[in-house]
Amino acid sequence: MATSVLRMLPAAAIAVALMSVPLAARADQALIDYRKAVMESIGGHTSALVAIVKGNVPYKEDAAVHARAIEPLAKMAGHVFPANSKTGKTEALPAIWEQPEKFEKTLAAFQAAAADLAKVADGQPADLAPPVSALAKSCKACHDDFRKKD
Ligand code: HEC
């Protein structure tokens, strides 16, 4: 009996700690963390593909998987910036919500670059180089204007 009460204590303490964080704040951070996870996935596939295209690693046969994976993730990027994900531990700049038209354009250019890359996904690394470089430029364009500098 005494032991089972003790075992329950940490869980209860965690529940109380969670309750003391306002619900809205927690929701925002969950949305932000999800956005970061999607960006990390995009970043992972892009880095892997760049390594293959540059010939730094010999995994030519993996290129198509990475090249195709970025397109649906770029589509997801379209819904990971809701208005209630502005505040919290985030590097996203307020400009995203203050200049929605400019942001939408930047996002659309990225999605188009990801779609162009997916179309040639089965090509040789040399064929993938131009669309990968165009894609990388579209990442940079958005990060330059809409993400905090390190
Ligand atoms: C339309 C704008 C936009 C585009 C396009 C974009 N990003 Fe991002 N990215 C962001 C923003 C904003 C953040 C900061 C997110 C946050 O902290 O909430 C971010 C964060 C990241 C992160 C860090 C995630 C973390 O864990 O903090 C990585 C990695 C990343 N992006 C990679 C990429 C790559 C690679 C591409 C292109 C293939 C790309 N992004 C395209 C806006 C964009």
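A residue is buried if 20 or more other C-beta atoms lie within 10 Å of its own, exposed if 12 or fewer, and partly exposed in between, with C-beta atoms placed from the backbone. This is a predicted model: local features need pLDDT of at least 70, side-chain atom pairs count only at pLDDT 80 or more, and totals for chains, interfaces and linings use all residues. Numbering starts from 1 along each chain as its sequence is written.

**View 1. The whole protein.** Buried residues make up 17% of the 150 residues. The protein has 6 helices and 0 strands, where helices (H or I, at least four residues) and strands (E, at least two) are DSSP runs numbered from the N terminus. Along the sequence the pattern reads α-α-α-α-α-α. Two residues are in contact if their C-beta atoms, placed from the backbone, lie within 7 Å. Among contacts between residues at least 6 apart in sequence, 76% join residues at least 24 apart.

View 2. Phe 110, Ala 113, Ala 114 and Leu 117 of H5 are buried. They cover an arc of only 100° around the axis, so they lie on the same side of H5; the arc is that of the directions from the helix axis to the C-beta atoms. The buried residues of H5 pack against helix H3 (63-77) and helix H6 (125-146). On the other side of H5, Pro 100, Glu 101, Lys 105 and Lys 119 are exposed.

**View 3. Ala 27 in helix H2.** Ala 27 is in H2 (residues 23-53). It counts as partly exposed because it has 14 C-beta neighbours inside 10 Å. Ala 27 and Asn 84 are 57 residues apart in sequence, yet 8.2 Å apart in space, C-alpha to C-alpha.
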